[in-house]
Amino acid sequence: MTAVVVSGAIANKLRNGGEAWVRLSWARGLRRLGFDVWLVEQLPAAAPAAERYFTDVVRAFGFEGRAALLAGAAPRSVGVPYRDLLDVAAEARLLVNISGHLTRAPLLARLRRRAYVDLDPGYTQLWPGAARLAGHDLHFTIAENLGRGDCTLPSAGVRWRAVRQPVVLDDWPVAPARAPRRFTTVASWRHPFGRLRHGARTYGIKLDEFRKVVELPARCAEPFELALDIHPDERPDLELLRRHRWRVVDAPARLGDPEAFRRYVQASGAEFSVAQGVYVETRSGWFSDRTTRYLASGKPALVQDTGFARTLPVGEGLVAFRTLDEAVAGAEAIASEPERHAAAARRIAEEHFDADRVLARFADDCGVAP
């Protein structure tokens with residue numbers, strides 16, 4: 001059996017069940033294909049709460065004994081002992097380095113083939129953090145339009161291969177919506193690194209995009225809810241949202257683990273969400289991992305257009321919008337025929353985001369087989 005190391009942030013994203021699903025979907029999907037998958041994460045310093053969270057998550061998803069959390073500068077490992085991990089790295093055929101998370105030189109030196117997976121296009125290519133791209137044999141991005149047509153993202157001197165966000169369909173079965181059929185999403189109000197500035201250009205973040213469509217619930221009959229990671233001091237924005245009939249719930253408190261995140265998505269009627277400004281303005285084709293889970297659960301998605309219509313079917317199950325008026329029309333269309341849109345949503349997940357298909361192609365591109 002071929003060993004593969006998957007590295008990404010779980011403990012570093014404490015109380016963020018949705019982020020855990022991103023890394024778990026890669027790990028579980030590759031395991032389904034027959035790979036011997038090992039999870040590795042690093043923390044800058046010891047953090048007991050984060051370490052407990054990591055241990056709980058990997059145990060719940062069947063990776064106990066196949067996962068290690070490197071805490072601090074010293075070779076201290078939670079889970080698989082560090083010496084054993086070095087042996088695993090020497091035997092592994094591939095590192096799947098999600099967002100370039102793994103930087104430990106002794107481990108990287110032993111991993112014979114390394115694939116960088118870019119989940120944050122724009123920040124990856126335009127920031128000084130692009131230095132993390134070095135030392136990888138292959139580079140993948142979820143910005144499917146990078147290098148095509150009207151996409152304005154630069155390549156940063158890298159040959160990028162497109163990859164989609166994988167979703168393990170068995171983890172996300174079709175689920176009936178609860179009444180009333182709410183449009184929901186899960187989001188952080190501010191990007192952890194703030195607005196992206198490149199040259200004379202400044203790209204907006206989630207709060208900027210939400211403000212453009214803040215009137216949406218007041219113009220629709222359906223309820224709209226945001227599971228939001230937002231600081232309590234953001235009072236003007238919280239008041240703005242509530243004044244326009246958005247219901248706001250505390251995402252870290254309500255969706256702090258992967259199971260809570262799944263329950264929330266599957267109890268929704270549909271998704272409504274915007275994207276980071278850099279994804280939209282560069283026409284990158286970026287597509288959210290969160291949206292793939294809504295689609296798989298049979299939840300239609302009304303999401304801001306990033307250029308993904310170039311590669312994905314839109315209009316039924318997946319509805320793209322650019323303006324407030326288009327968002328209103330999309331919400332009305334989904335609400336008028338919810339069952340038709342729900343069935344189409346699941347079909348899109350099966351045809352375009354099924355981990356079995358996505359990761360089989362990824363493994364082939366990386367030149368590895370189980």
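This is a predicted model: local features need pLDDT of at least 70, side-chain atom pairs count only at pLDDT 80 or more; totals for chains, interfaces and linings use all residues.
Residues are numbered from 1 along each chain as its sequence is written, and side-chain values rest on heavy atoms, with hydrogens and water left out.

Helix H1 (residues 17-32) and helix H9 (residues 258-266) have axes that come within 7 Å and cross at roughly 100° (helices, H or I, have at least four residues and strands, E, at least two, as DSSP runs numbered from the N terminus; axes are lines fitted to C-alpha atoms, for helices over the stretch in contact, with angles from 0 to 180 degrees between N-to-C directions). H1 is therefore roughly perpendicular to H9 (65 to 115 degrees). On the H1 side, the contact (heavy atoms within 4.5 Å) involves Gly 17, Gly 18, Ala 20, Trp 21 and Leu 24, and on the H9 side Pro 258, Phe 261 and Arg 262. Five of these residues are nonpolar, two polar and one charged (Ala, Val, Leu, Ile, Met, Phe, Trp, Tyr, Cys and Pro count as nonpolar, Asp, Glu, Lys and Arg as charged, and the others, Gly among them, as polar).

The largest pocket holds about 1,600 Å³ of space. A pocket is an open set of points on a 1 Å grid over the protein atoms alone, where a 1.4 Å probe fits, with protein on both sides within 12 Å along at least five of seven lines; lining residues have an atom within 4 Å of a point. Volume is the space filled by probe spheres set on the points, which are joined across faces, edges and corners. Among the 47 lining residues of the largest pocket, Lys 13, Glu 19, Arg 23, Asp 120 and Pro 192 are the closest to its centre. H1 provides the largest share of this lining, five residues. The lining comprises 22 nonpolar, 14 polar and 11 charged residues.

For the second largest pocket, the volume is about 220 Å³. Its 15 lining residues include Ala 162, Val 163, Arg 164, Val 358 and Arg 361, which lie nearest its centre.

The whole structure contains 29 salt bridges (a side-chain nitrogen of Lys or Arg within 4 Å of a carboxyl oxygen of Asp or Glu). One joins Arg 32 and Asp 170 at 3.1 Å, N to O. Arg 32 belongs to helix H1 and Asp 170 to the loop between strand E8 (160-162) and E9, 138 residues apart.

Terms used. Angles under 35 degrees count as roughly parallel, over 145 as roughly antiparallel, 65 to 115 as roughly perpendicular and the rest as oblique.
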